[in-house]
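My notes are kept in the order in which I looked.

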Amino acid sequence: MPEPHVPGGLPEAIRHYIGGEFTDSLSGKTFDVLDPVSNEVYVTAAAGQAEDVDRAVAATREPFTGGPWPGLPPRARARVLNRIADAVEAQDARLAELETFDTGLPITQALGQAHRAAENFRFFADLIVAQSDDTYRVPGRQLNYVHRKPVGVAGLITPWNTPFMLESWKLAPALAAGCTVVLKPAEFTPLSAGLWAGIFAEAGLPDGVFNLVHGFGEEAGDALVRHPDVPLISFTGESATGQTIFRNCAAGLKGMSMELGGKSPAIVFADADLDAALDSTVFGVFSLNGERCTAGSRILVERAVYDEFCERFAARACAIVVGDQRAPATEVGALVHPEHHAKVMRYVELGRSEGRLLAGGGRPPGLDTGNYVAPTVFADVAPDARIFQEEIFGPVVALTPFDSEDEALALANDVRYGLAAYVWTSNLERAHTFAQSVEAGMVWLNSHNVRDLRTPFGGIKASGLGQEGGYRSLDFYTHQQAIHVSLGPVRTPRFGAVRKGQS
Ligand code: NAD
């Protein structure tokens, strides 16, 4: 059993950050935060209510309407963003330590996420400096140009699976675009979000531009979504929550970006490089403890290589190092919270009647407490099985055989989600044809999830609404105002110019 370990220097309480100061909820309400190994309460966090969200929005309205941030030249904002990236990199080890402790992510993967968070800021710093906008000329008559303006106070709502990195994925473009923000992080994992306050202040972000309100989704999150002075919401989380937020945004006709759940297929054809496909599919579903939106959690394998693939996949799953997430060799750590652990375990139990268990199936040996789940592999899973259809968000995978390309495509598309897909084949034509037909926002051919930050990110069907990534993120956080300038004499129909009695 891993020894319970509490990092030194933790805050005595997790508090909101409003208008440049840490503060409790006005009501004094708090909630308990557990660590995923001992499942004991290690800290309490401020439980934000509507009045705390009101305070945060008021604190960030002034910097938006009267402060320097939205109007700074891109280069000046980029300098701040680069200093933020520097600060994140400088404290990567501390960040990874806190994130590992709070989420259960293995330390090496948490460190990778910290670096990615820094990269998000660097990337958007570069982008706003390089950005140009459209100009259209009608010779001799008109010049038309796009004037880009930040939309306003952005409401950012994030999940617990890679909290700091996913927060950076919203904070970086929102701030780059000149918005001011209120962030509502996930209640399971509020620890690392407080670090932003110090990082931003040190980097020179004016007070009030960034605000943080902790709390439950139904309270703090809901109040942010409904707030009349918050014109846009960027949300990442479950599809069901996305539907609720969509409904609640309707009254205010708000801009929305939704990154939601997934049940992504990895399709392995018999002509694929099976060694590479094995490495990538094992990593694709078990990295980040399987708590990964783009996890390849359904693996469809052509029948000619199905038995061999199942056997080799199961052997690899059995050999995965599960345990103390602080150990560099650990590949799968504890799941985030006992409630989530119980949910994943229910699917594992269900899987015993819906598939053939090849690996895992419960707690790993020797890990009797903490939220551990052994990497679990079910084979021969039918497409109508719940473990084929529903997002489990843990280290559990369903393997299913197919006989033809058409069948593979039908199986791949036969779920409500459409986030990612991974295709393994050495047939170039098939790779592209399949990729273009599969119902997924993002497709990787002969690769696991390696992202170029310039590309669109987002899902279709129940996996999301709108796409971010590169300039698309800046489009989301800005209005593109069209300005039309007349060149030369204006040609206007002369209503009322003809006097009565004159023809
Ligand atoms: P969740 O939907 O339960 O919560 C996400 C956030 O929404 C939390 O901050 C929560 O407090 C808040 N929230 C909950 N109810 C709300 C409401 N009524 N109004 C406003 N805010 C509310 O999701 P989770 O369990 O934290 O995260 C896991 C889910 O996130 C999975 O489905 C996963 O696939 C998805 N996810 C998607 C992506 C992506 O990019 N597509 C990335 C990571 C995670």
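The entries below record what I looked up in this predicted model.

**Entry 1: strand β7**

I began with strand β7, residues 153-157, and asked how many of its residues are buried. Five of the five are buried, so I noted that β7 is largely enclosed by the rest of the structure. For this step I took buried to mean under 20% relative accessible area.

I then looked at which way the residues point. Val153, Gly155 and Ile157 point one way from β7, whereas Ala154 and Leu156 point the other way. I recalled that side chains in a regular strand alternate between the two faces of the sheet. The residues of β7 that point either way are all buried.

**Entry 2: the neighbours of β7**

Next I asked which strands are joined to β7 by bridges. One is strand β8, residues 180-184, which runs parallel to β7 and is joined to it by five bridges. Within this pairing, I found that Leu156 has Leu183 of β8 as its bridge partner.

The other is strand β10, residues 232-236, also parallel to β7, with four bridges between them. Here I noted Phe235 of β10 as the bridge partner of Ile157.

I also looked up helix α5, residues 163-177, and recorded that β7, α5 and β8 make a right-handed β-α-β unit.

**Entry 3: the largest cavity**

I turned to the empty spaces. Rolling a probe the size of a water molecule over the atoms shows where such space is left. A search of the whole structure gave six cavities of 30 Å³ or more. For the largest cavity I wrote down a volume of about 130 Å³.

Its lining has 13 residues, and those nearest the centre of the cavity are His5, Val37, Phe101, Gln325 and Arg326. By class, I listed five nonpolar, three polar and five charged residues in this lining.

Last, I looked up the second largest pocket, which has a volume of about 250 Å³. Its lining is made of 15 residues, and Pro74, Arg77, Gln131, Asp133 and Arg148 lie nearest its centre. The elements that give two or more residues to this lining are α2 (74-90) and β6 (142-150). I noted that β6 gives the largest share, four residues. The lining of this pocket divides into seven nonpolar, four polar and four charged residues.

How values were computed: Residues are numbered from 1 along each chain as its sequence is written. This is a predicted model: local features need pLDDT of at least 70, side-chain atom pairs count only at pLDDT 80 or more; totals for chains, interfaces and linings use all residues. Side-chain values use heavy atoms; hydrogens and water are left out. Buried means under 20% relative accessible area, exposed over 50%, partly exposed in between (1.4 Å probe, protein chains only). Two strands pair if DSSP finds at least two bridges between them. A crossover is right-handed if, with the strands pointing away from the viewer, the path from the first strand over the helix to the second runs clockwise. On a 1 Å grid over the protein atoms alone, a cavity is a set of points where a 1.4 Å probe fits but cannot get out, and a pocket is an open set with protein on both sides within 12 Å along at least five of seven lines; lining residues have an atom within 4 Å of a point. Grid points are joined across faces, edges and corners, and a volume is the space filled by probe spheres set on the points. Ala, Val, Leu, Ile, Met, Phe, Trp, Tyr, Cys and Pro count as nonpolar, Asp, Glu, Lys and Arg as charged, and the others, Gly among them, as polar.
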